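Try each task yourself before you look at the solution.

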Amino acid sequence: ELAHLTRLEILSSKPFIHSSFTEDQVTSWFITKAQQIDEESGFTSNAEQLLKIGAQQTEGEKLNAFWSDFKIYTNIVYQCDPTITWEAFGKFGNSEILSKLLSNSTPKSIGKDLYQRCTAIIQKSNEQLKNVAVGPDTDITQWILVRYLLQLGKKNHLLLCSRILYAVADPPKGHAPVGAPDSLIPNEILFIRCALRCVYSSNSTNEWQAVNEIYQSIPERDPDVQDEYYHELHNQVDLLDIHLQASELLSQYNISMPLNSFLNLNSNS
C-alpha cells in the first residue's frame, strides 16, 4: 500500500496520521524512495526534498538523521563533485567529507564555504567530543576542522589556514564565536594550539601576511583566567609575535627562514 501513495498524499500536511503504518515502515518508505530518485534519475535535490517532507511530517529520529546526512551529500553533489554517489559517500569518514566540501574552495571563498557547506558535519563531529577536556596532552586532531587545518599547514597552504581561522574567530552573524559550545572550534585552548601548530609546521618562507592574519585571529589573553596552561599557550603566542618581527626584519636583508627555524634556535640556545 505504501508503494502506491500518490504525490498529493505525500505532499499533504499529515499523509500518515490516519494510517496503520508504523514509524519504521514510513521511514523505510521515504529512505527507499529517495535513494531510488537519486540513483535512477540523478535528481539528488528532489530526493533531498522528499526526505525533508518526510522528516518534517513524521518527526522520526531515524528519518531526521538520514535527512541530515543526505543534505550534506547533496551539498557535495551540487557544489563540489557531481560524480559522487550515495554509496561512495557512505564510505567516507567525517574528515573525508569535510575535505570534499572544501575541495574547490579558494582563499577568497573558503570562509564563506566553511559556514555554508560544512557547519553540519563539523558540529556533528564536535558533538561527539563535547566532554573531552583540552589540555597539553590532548590529541587535537580528534576535531575534524583542526585536523584539516593542520594538514593545510603541513602542505604550506597558510593562506587557506588564515582565512579559515579568521572566519572562525570572527564568524558570520548567527554563528557562535570561539569558545562557545556551537563554535566550529569550541574551545579557546584548542584554537590557540591549532593556530600555533599550523604556523610552525609549515616550511613556507614567503607567507608572512597569512601568518600575521593567523596571529591576529588568536583571541587576546584574559588575565583573569586561572589556568596555568592557558597562560603558557599565550606566552607561546607572544613568542610567535617576536618570531614574526624577526622574520620581517631578516627579509629586509633578503634572508628567508621558516618560522619553525626560530623554534630550533630557541631549543638549541
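**Exercise 1: two residues in loops**

In which loop is N254 found? Find its place, then look at its backbone angle and its exposure.

Solution. 
- Step 1. N254 is found in the loop between helix 13 and helix 14 (259-268). Helices here are DSSP runs (H or I, at least four residues), numbered from the N terminus.
- Step 2. Before going on, note that this is a predicted model, where local features need pLDDT of at least 70, side-chain atom pairs count only at pLDDT 80 or more, and totals for chains, interfaces and linings use all residues. Residues are numbered from 1 along each chain as its sequence is written, and side-chain values use heavy atoms, with hydrogens and water left out.
- Step 3. The phi angle of N254 is positive, about 60°, although N254 is not a glycine.
- Step 4. N254 counts as exposed because its relative accessibility is 75%. The cut-offs are under 20% relative accessible area for buried, over 50% for exposed, and partly exposed in between (1.4 Å probe, protein chains only).
- Step 5. Now turn to N156, which has a positive phi near 65° and is likewise a residue other than glycine. N156 lies in the loop between helix 9 (144-154) and helix 10 (158-169), and is partly exposed, with a relative accessible area of 30%.

**Exercise 2: salt bridges**

How many salt bridges does a search of the whole structure find?

Solution. 
- Step 1. The search finds 6 salt bridges. The rule asks for a side-chain nitrogen of Lys or Arg within 4 Å of a carboxyl oxygen of Asp or Glu.
- Step 2. K124 is partly exposed at 37% relative accessibility, and D69 is partly exposed at 24%.
- Step 3. Another pair is R163 with E213, at 3.0 Å from N to O. Because R163 lies in helix 10 and E213 in helix 12, the pair ties together parts that are 50 residues apart in sequence.
- Step 4. In the pair of D238 and R221, the closest N and O atoms are 2.9 Å apart. D238 belongs to helix 13 and R221 to the loop between helix 12 and helix 13, so parts 17 residues apart in sequence are tied together.

**Exercise 3: aromatic rings**

Which residues do ring pairs link into a cluster? Start with the total, then look at two pairs.

Solution. 
- Step 1. Rings of Phe, Tyr and Trp (its six-membered ring) pair if their centres lie within 6.5 Å; planes under 30 degrees apart count as stacked, over 60 as edge-to-face and the rest as tilted. By this rule the count is 8 aromatic pairs.
- Step 2. W29 and F30 make an edge-to-face pair, 5.0 Å centre to centre with 85° between the planes. W29 is buried at 9% relative accessible area, and F30 is buried at 0%.
- Step 3. F70 and Y73 are also edge-to-face, with 5.1 Å between centres and 75° between planes. Both lie in helix 4 (residues 61-79), 3 residues apart, about one turn of the helix.
- Step 4. The cluster linked by ring pairs is F66, F70, Y73, W86 and F89.

**Exercise 4: inside the model**

Which residues touch the most other members of the largest nonpolar core? Then follow the contacts of one of them.

Solution. 
- Step 1. A nonpolar core is a set of buried Ala, Val, Leu, Ile, Met, Phe, Trp, Tyr and Cys residues joined through side-chain atoms within 4.5 Å.
- Step 2. Among the 76 residues of the largest core, L114, L145 and V168 touch the most other members. Helix 11 (residues 188-201) gives the largest share of this core, 10 residues.
- Step 3. Leaving aside neighbours within four places in sequence, L114 is in contact (heavy atoms within 4.5 Å) with residues including L102, L145 and V168.
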